[in-house]
Amino acid sequence: MVLKRSARGGVPPFIVMDVMRSANAREAAGHAVVHLEVGQPATAAPRGVLKAANRAMGAFPLGYTEAIGIQALRQRIAEHYQSFYNRAVDPDRIIVTTGSSGGFVLAFLAAFDAGDRVALADPGYPAYRNILLALGIDAVSLPTGAETRFQPSPALLDTVKGPLDGLIVASPANPTGTMLDPDALAALADYCCDRGIRLISDEIYHGITYDGRVETALAFTDQAVIINSFSKYFSMTGWRIGWMVAPDDLLRPIECLAQNLFISPPSLSQHAALATFDCGAELDANVRRYARNRQILLDGLPALGMDRLAPADGAFYIYADISRYGLDSDLFCARLLDEAGVAMAPGRDFDQARGGDFVRISFAGSNEDMEQAVARLARWVADNP
Ligand SMILES: Cc1ncc(COP(=O)(O)O)c(C=O)c1O
């Protein structure tokens, strides 16, 4: 008998993760691969975090914690808002999550009902759309391009037909790395406040910027949900730990959802993450490495035909137009992996309509990786004129 399968389970794949799987399989078969596909630091967590994790294993039973996280970490995150943004945040508004991915599930469930409409930029991080889809929430596409720095704006929101319940913004963004300057973010926050639209601000790449100043959406509204994570600047992807700053009216709903869905974020990761705020020197050295990687690519790619690149103000991505090669990005990436041993993410993951002309290049690896990648790409381009 054929049993029922839910429609919500039919979400598209997160293609980057599929590419990572193929790249790993290629490596396991004995071929060298330069990994430019996944957006994760090549570095381990900072040394202070590793020491704190070791200490915590001896000192605590590491059982469940409160669903919203241990008090010490919530307090420490609140202090981070003071030191990084010069902004006072009540620790009671901080909720520790299982990565920002867990934060999205909680935020979307708490803020929206099935059938609600949430706007987001295309290209954008694919999991926003796919999580919304799994929850029965409509993702309303805002097609952006180089002329709007791939970011939404009030003018673009005005073109949307029908009401909106939410807006997701990310600055710096994935896959483009572009940022909203503080005035542009303030304008979006005002637009949302005036129209009763819930703003979700993904601030996961704060700390990794090359140009311009980042500001938290908290500076402009207390009704937004702020999503953040220890994955990127703090170099702790696999520890699955992040946080959100929630508005007062969503605190209790999010706590109840978190209790039931996750019980608590990982205990060991919470104790370890406490130490990461004292590891600034090591973390800033990572950012300097990303800056050098970015320069290696910005210097090397144009000569190989990738001369239309998003500005990459922050994060560790370059979104590159590959239309001149005459291959759809899925095929381009598959061939590059097979023939050059370079893994990149096809643009279709980030923009279903126009992504066939783009790839996303992650430069979170080592300087040598970037040099290797440019050299391999140059050979491949020479072989495929
Ligand atoms: C924009 C953005 N938000 C959220 C995430 C998810 O990160 P995590 O769940 O590790 O915190 C990513 C990961 O690549 C991302 O690029």
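Residues are numbered from 1 along each chain as its sequence is written, and side-chain values use heavy atoms, with hydrogens and water left out. Because the model is predicted, local features need pLDDT of at least 70 and side-chain atom pairs count only at pLDDT 80 or more, while totals for chains, interfaces and linings use all residues.

For Ser101 the distance from a polar side-chain atom to a ligand oxygen is 2.5 Å. An N or O atom in the side chain of Asn174 lies 2.7 Å from an oxygen atom of the ligand, and a polar side-chain atom of Ser229 is 2.6 Å from a ligand oxygen. Taken alone, the ligand exposes 400 Å², and the protein buries 93% of that, with areas from the Shrake-Rupley method and a 1.4 Å probe.

The space taken by the ligand is the largest pocket. On a 1 Å grid over the protein atoms alone, a pocket is an open set of points with protein on both sides within 12 Å along at least five of seven lines, a cavity is a set where a 1.4 Å probe fits but cannot get out, and lining residues have an atom within 4 Å of a point. A molecule sits in such a space if more than half of its atoms lie within 2 Å of its grid points. The largest pocket holds about 440 Å³ of space, a volume being the space filled by probe spheres set on the points. Of its 29 lining residues, Phe14, Gly39, Tyr125, Lys232 and Thr237 are closest to the centre. H4 again provides the largest share, 4 residues.

Two cis peptide bonds can be located in the backbone. One joins Asp122 and Pro123, with omega about 0°; Pro123 is found in the loop between strand E3 (117-122) and helix H5 (126-134). Another runs from Asn174 to Pro175, with omega near 15°, and Pro175 lies in the loop between strand E5 (166-170) and helix H7 (182-195).

The count comes to 6 cavities of 30 Å³ or more. The largest cavity, of about 110 Å³, is lined by 15 residues, with Ala121, Pro123, Gly124, Tyr128 and Ala170 nearest its centre. Its lining comprises 11 nonpolar, 4 polar and no charged residues. The second largest cavity holds about 70 Å³. Of the 13 residues that line the second largest cavity, Asp122, Gly124, Pro126, Arg129 and Phe350 are closest to its centre.

Technical notes. A polar contact is a pair of N or O atoms within 3.5 Å; within protein, one must be able to donate a hydrogen and the other to accept it, and residues adjacent in sequence count only if both atoms are side-chain atoms. Helices (H or I, at least four residues) and strands (E, at least two) are DSSP runs, numbered from the N terminus. Ala, Val, Leu, Ile, Met, Phe, Trp, Tyr, Cys and Pro count as nonpolar, Asp, Glu, Lys and Arg as charged, and the others, Gly among them, as polar.
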